[in-house]
Amino acid sequence: MAASRKGSISLEGKKVILVPYMEPHVPKYHQWMQNPSLLQATASEPLSLEQEYQMQLSWSRDLNKETFIVLDKDLLLEIETFSHGQPYVQAMVGDVNIFMNDINNPQIAEIEIMIAEQTSRGKGLGKESVLMMMAFAIEKLGIKTFQVKIGELNVESINLFKKLGFVQTSHSNIFNEVTLELQITEARSEEMLGLMRTVIKHTYAA
């Protein structure tokens, strides 16, 4: 995958397409984040629509954060040819992102996944999205360690990451969350990039 400027790449997998988080996505994203269960699962605070637009703009400019909107390909069947740069709001089902906030180690990233639409859960979209994001981060950003922080009651999400090889490294009684981590060894990196080649059908770049 060639190096490219932020927000210029979309990734197509077998089940999902990951597209940059764009302004047309904001109203539906805002609608999701009015759901108390999603707010709790993502440890988020409710925002006004205007604040959500401001957040999207800040994320699009933040070089320490990469955010993709998850499109369910089952909802794109009527589209004959996917066109990079289009938001396809009708197929939005969630988002996946990484944060690179450790100033002492730029090779560490925290990853998050949210499948907000109930009808798109249980189809493996979250797993594929996470794998695609990690492969992208390994190759494009040089990430060597992935971390995830999950509410202790979110058993489904905890089990997803454990199946991907993450191991629990800490538990916070204050925030009622667990931290899991995955170290990317050279062998694991080759495995992930090989998996990327089988999962990612196409990379679209501006």
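Two remarks on conventions come first. The model is predicted, with local features needing pLDDT of at least 70 and side-chain atom pairs counting only at pLDDT 80 or more, while totals for chains, interfaces and linings use all residues. Residues are numbered from 1 along each chain as its sequence is written, and side-chain values use heavy atoms, with hydrogens and water left out.

Let me begin with the sheet. Nine strands form an open sheet with mixed pairing, in the order β7-β8-β6-β5-β4-β3-β2-β1-β9. Its edge strands, each pairing on one side only, are β7 (167-172) and β9 (202-205). On average, neighbouring strands are turned by 25° against each other, direction ignored; axes here are lines fitted to C-alpha atoms, for helices over the stretch in contact, and angles run from 0 to 180 degrees between N-to-C directions. Helices (H or I, at least four residues) and strands (E, at least two) are DSSP runs, numbered from the N terminus. Two strands pair if DSSP finds at least two bridges between them.

I turn to β3 (65-72). Eight of the eight residues of β3 are buried, so the strand is largely enclosed by the rest of the structure. Buried means under 20% relative accessible area, exposed over 50%, and partly exposed in between (1.4 Å probe, protein chains only). In a regular strand the side chains alternate between the two faces of the sheet. Here K65, T67, I69 and L71 are buried on one side of β3, and E66, F68, V70 and D72 on the other. Strand β2 (residues 16-20) pairs with β3 in the antiparallel sense over five bridges, and L18 has V70 as its bridge partner in β3. Strand β4 (residues 92-99) also runs antiparallel to β3, joined by seven bridges, with L71 opposite M92.

What covers the buried residues of α3? The cover includes α1 (26-32) and β3. Those buried residues are E52, Q56 and W59. Seen down the axis of α3, they fall within an arc of 65° (taken from the directions from the helix axis to the C-beta atoms), so they line one face of the helix. In the loop between α2 (36-41) and α3 lies L47, which counts as partly exposed because its relative accessibility is 24%. Leaving out residues up to four places away in sequence, L47 touches H30, Q34, E52 and M55, where contact means heavy atoms within 4.5 Å. L47 and H30 are 17 residues apart in sequence, and their C-alpha atoms are 7.7 Å apart in space.

Next, the other end of the sheet order. Strands β6 (residues 145-151) and β8 (residues 177-183) run antiparallel and are joined by seven bridges; V148 has L180 as its partner in β8. Helix α5 (residues 155-163) lies across β5 (108-115), β6 and β8, at about 160° to β6.

Finally, the cores. A nonpolar core is a set of buried Ala, Val, Leu, Ile, Met, Phe, Trp, Tyr and Cys residues joined through side-chain atoms within 4.5 Å. Which members of the largest core touch the most others? Of its 40 residues, they are I111, M134, F146, F161 and F166. The largest share of this core, nine residues, comes from α4. Apart from this core lies another of 21 residues, among them Y21, A91, M92 and M114. Helix α4 itself is mostly covered, with 13 of its 17 residues buried, and is followed by G142, whose phi is positive, near 70°.
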